[in-house]
Amino acid sequence: MLSWAPDTNHIGAYVAAQRGYFKQEGLNVDIVATSQAGAEQSVSTGAANFALSNTFNVGVANIKKAGLKVIAQIQQRTSAIWCSLKSNKDITRPRDFDGKTFATFGANESDAVIRRMIQTDGGEGKFDKVTVGTSTFQTLSSGKADFGGFYSTWEGVQAEMYGPQLNCWTEPDYGVPGNADEIGVITSEKMISSDKKTVEGFTRAIQKGYTWAYLHPDEAAQILVDGAKGAKLDPRFVKRSMQVIVDGNYWGKHDDVKSGAFTIGTIDPDDAQKYFDFVADAGAYTDANNQTVTTAPQATQQIDKSFLVSGNDIVKAIQ
């Protein structure tokens, strides 16, 4: 299951399907749109066997006993950017978010991030909020909000190519610890215990898919465009997104992936834990009864590294 509309975060699944990596493992895999319940809930209930998610979302879901595990982490550094329209001359740095309106999807953690960034930059950390409508771009352009969250590898590219132009700042530069964007592949504890062979095969295939995409970004971009026809993606845009991912070493140092020295899928519990602790300190977790949870999830309990295949073996397999 996708975590959102098809984008380059999902590209490894499309490559694995198109290049036959799933079939090599004896798997018949359908790639489906995210459900209204969300990818995490769908995997927890068995409506999907695997999904794209991130370590933070898994930790939040597991507070509510979802029984999920991250089995491969694709993204190794945060791509979150917090932006205002370049035409908004009242905002030139994060402390200028003070007293302005935040276009939000409603997550408490986002409030904690913005507050920390403002305060680190010397502001108070007080702001208003409005829920995003059809898109954050539209919410800002309509004047209903002054700033919002985007991803440098997707909306950042969109703004660069098509506008509106943005001024953006990143979390690590303004006091937010760890990595909020450990985007990767998840499954359920039930799936691991009941069908370990399928989890092994799926993980190997998805590693091949993402590794091949990282080493062949233009060709992988076209595979995503062709595989997600309903999304009507512009090939130039998708290719540019993949180039930003490669140039930024978002999935690991590109040369190390190419040589097999770094394994795509490597999971980093330390950076995840720093972010978990930050959100807990901000009082932004709630349990199934909507009560505040002050104890941070333990990153090591959200992950299962045992299915990962070494980078050397993956590179050899896709050559």
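**Figure 1. Salt bridge across the interface of domain 1 and domain 2.** Across the interface of domain 1 and domain 2 there is one salt bridge, a term that requires a side-chain nitrogen of Lys or Arg within 4 Å of a carboxyl oxygen of Asp or Glu. The side chains of E160 and R240 form a salt bridge, with 3.0 Å from N to O. Side chains of opposite charge can pair when their charged atoms come close. The model is predicted: local features need pLDDT of at least 70 and side-chain atom pairs count only at pLDDT 80 or more, whereas totals for chains, interfaces and linings use all residues. Residues are numbered from 1 along each chain as its sequence is written, and side-chain values use heavy atoms, with hydrogens and water left out.

Figure 2. The size of an interface is often given as the accessible area lost when the parts come together. Domain 1 and domain 2 bury about 1,600 Å² between them, and 62% of it is on carbon and sulfur atoms; buried area is the accessible area (1.4 Å probe) that two parts lose on being put together, summed over both.

Figure 3. Six residue pairs, both residues at pLDDT 80 or more, are in polar contact between domain 1 and domain 2. A polar contact is a pair of N or O atoms within 3.5 Å; within protein, one must be able to donate a hydrogen and the other to accept it, and residues adjacent in sequence count only if both atoms are side-chain atoms. Helices (H or I, at least four residues) and strands (E, at least two) are DSSP runs, numbered from the N terminus.

**Figure 4. The largest nonpolar core.** This core has 47 residues, of which I11, V15, Y210, V238 and W251 touch the most other members. A nonpolar core is a set of buried Ala, Val, Leu, Ile, Met, Phe, Trp, Tyr and Cys residues joined through side-chain atoms within 4.5 Å. Elements that each supply at least two residues of this core include α1 (11–18), β2 (68–73), β8 (183–188) and α10 (217–227). Its largest share, eight residues, comes from α9. Leaving aside residues up to four places away in sequence, Y210 touches N9, H10, I11, G12, A13, L52, I74, W251 and I264. A second, separate core of 29 residues includes I118, Y275, A280 and Y285. In soluble globular proteins, nonpolar side chains tend to be buried together.

Figure 5. T8 is buried, with a relative accessible area of 1%, and N9 is buried at 16%; buried means under 20% relative accessible area, exposed over 50%, and partly exposed in between (1.4 Å probe, protein chains only). Not counting residues up to four places away in sequence, T8 touches T153, W154, L224, V238, S241, M242, I245 and W251.

**Figure 6. Salt bridges elsewhere in the structure.** The structure holds seven salt bridges. R204 and E25 meet through their side chains in one of them, at 2.8 Å from N to O. R204 lies in helix α9 and E25 in the loop between α2 and α3 (39–45), so the pair ties together parts that are 179 residues apart in sequence. R204 is partly exposed, at 30% relative accessibility. Another salt bridge joins the side chains of D121 and R93 (2.7 Å, N to O). D121 is buried at 8% relative accessibility, whereas R93 is partly exposed at 32%.

How values were computed. Contact = heavy atoms within 4.5 Å.
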